[in-house]
Amino acid sequence: MPCRVGVTTIPSHRRGAWEKRVIGLRNWKQSPAGSKAEALQEAKSKKNGCMESHKRGTCHGHPGGGDPDNGKWYVYEFDYVRERR
């Protein structure tokens with residue numbers, strides 16, 4: 001099962017977007033990370049851990065966009081079955 005790691009300032013919106021894009025979203029986790037730089041560093045670490053736990057290198061991540069100084073950043077991760085076509 002692939003996993004996904006990312007950063008966002010609004011976790012509920014990001015989760016809703018992913019629920020529309022993937023099938024079988026499960027194990028959603030989010031944690032506050034402070035600045036965007038801190039969030040990106042934590043996401044990189046989580047992505048490496050995700051790849052190790054899945055043993056297939058199937059963890060996807062993207063640094064995301066947005067204003068680095070815009071509010072509080074969160075790191076999220078989840079598993080899913082596959083992306084919708």
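Figure 1. Buried residues account for 32% of the chain's 85 residues. The model shown here is predicted. Its accessible surface comes to about 5300 Å². Carbon and sulfur atoms supply 48% of that surface.

**Figure 2. The order of helices and strands.** The chain holds 2 helices and 6 strands. Follow the sequence and the pattern reads β-α-β-β-α-β-β-β. How many of the contacts join residues at least 24 apart? Take contacts between residues at least 6 apart in sequence: 83% of them join residues at least 24 apart.

**Figure 3. Confidence along the chain.** The mean pLDDT of the chain is 84. A score of at least 70 is reached by 79% of the residues. Which element has the lowest mean pLDDT, and which the highest? Strand β4 (residues 59–62) has the lowest, at 68. Strand β2 (residues 22–23) has the highest, at 97. Where pLDDT is low, the predicted coordinates should not be read in detail.

**Figure 4. Thr8 in strand β1.** Find Thr8 in strand β1, which covers residues 3–8. Is Thr8 buried or exposed? Its relative accessibility is 7%, so Thr8 counts as buried, the cut-off being under 20%. A polar atom of the Thr8 side chain lies 3.2 Å from the backbone nitrogen of Ile10. Now look past the residues up to four places away in sequence. Beyond them, Thr8 touches Arg14, Lys72, Trp73, Tyr74 and Tyr76.

**Figure 5. Val75 and its neighbours.** Val75 sits in strand β5 (residues 73–79). Its relative accessible area is 1%, so Val75 is buried. What does Val75 touch, leaving out residues up to four places away in sequence? Its contacts include Val5, Gly6 and Val7. Also among them are Lys29, Gln30, Ser31 and Ala33. Ala39, Glu42, Ala43 and Lys46 complete the list. Pick out Lys29 from these contacts. Val75 and Lys29 are 46 residues apart in sequence. In space, their C-alpha atoms are 8.2 Å apart.

Figure 6. The structure holds 5 salt bridges. Side chains of opposite charge can pair when their charged atoms come close. One of the salt bridges joins Arg15 and Glu19. Their closest N and O atoms are 3.0 Å apart. Where do the two residues sit? Both belong to helix α1 (residues 11–21). They are 4 residues apart there, so about one helical turn separates them. Arg15 is partly exposed, at 32% relative accessibility. Glu19 is partly exposed too, with a relative accessible area of 39%.

**Figure 7. Glu83 pairs with Arg21.** A salt bridge links Glu83 and Arg21, with 3.2 Å between the closest N and O atoms. Glu83 has a relative accessible area of 30%, which makes it partly exposed. Arg21 counts as partly exposed as well, at 42% relative accessibility. Look for Arg4 too: Arg4, Arg21 and Glu83 are linked in a network of salt bridges.

**Figure 8. Glu77 pairs with Lys46.** Glu77 forms a salt bridge with Lys46. The closest N and O atoms are 3.3 Å apart. Glu77 lies in strand β5, while Lys46 lies in helix α2 (residues 36–54), so this pair ties together parts that are 31 residues apart in sequence. Lys46 counts as partly exposed, at 25% relative accessibility. Lys46 is also one of the residues that Val75 touches.

**Figure 9. The backbone at Asn27.** Asn27 lies in strand β3, which spans residues 26–34. What is the phi of Asn27 near? Phi is near 60°, a positive value in a residue other than glycine. At 45% relative accessibility, Asn27 counts as partly exposed.

Technical notes. Residues numbered from 1 in each chain as written. Predicted model: local features only at pLDDT ≥ 70, side-chain atom pairs only at ≥ 80, totals over all residues. Heavy atoms only, no water. Buried < 20%, exposed > 50% of the residue type's maximum accessible area, 1.4 Å probe, protein only. Contact = heavy atoms within 4.5 Å. Areas by Shrake-Rupley, 256 points an atom, 1.4 Å probe, with all protein chains shown as cover. Polar contact = N/O pair within 3.5 Å; in protein donor to acceptor, adjacent residues only side chain to side chain. pLDDT = per-residue confidence, 0-100. Salt bridge = Lys/Arg side-chain N within 4 Å of Asp/Glu carboxyl O.
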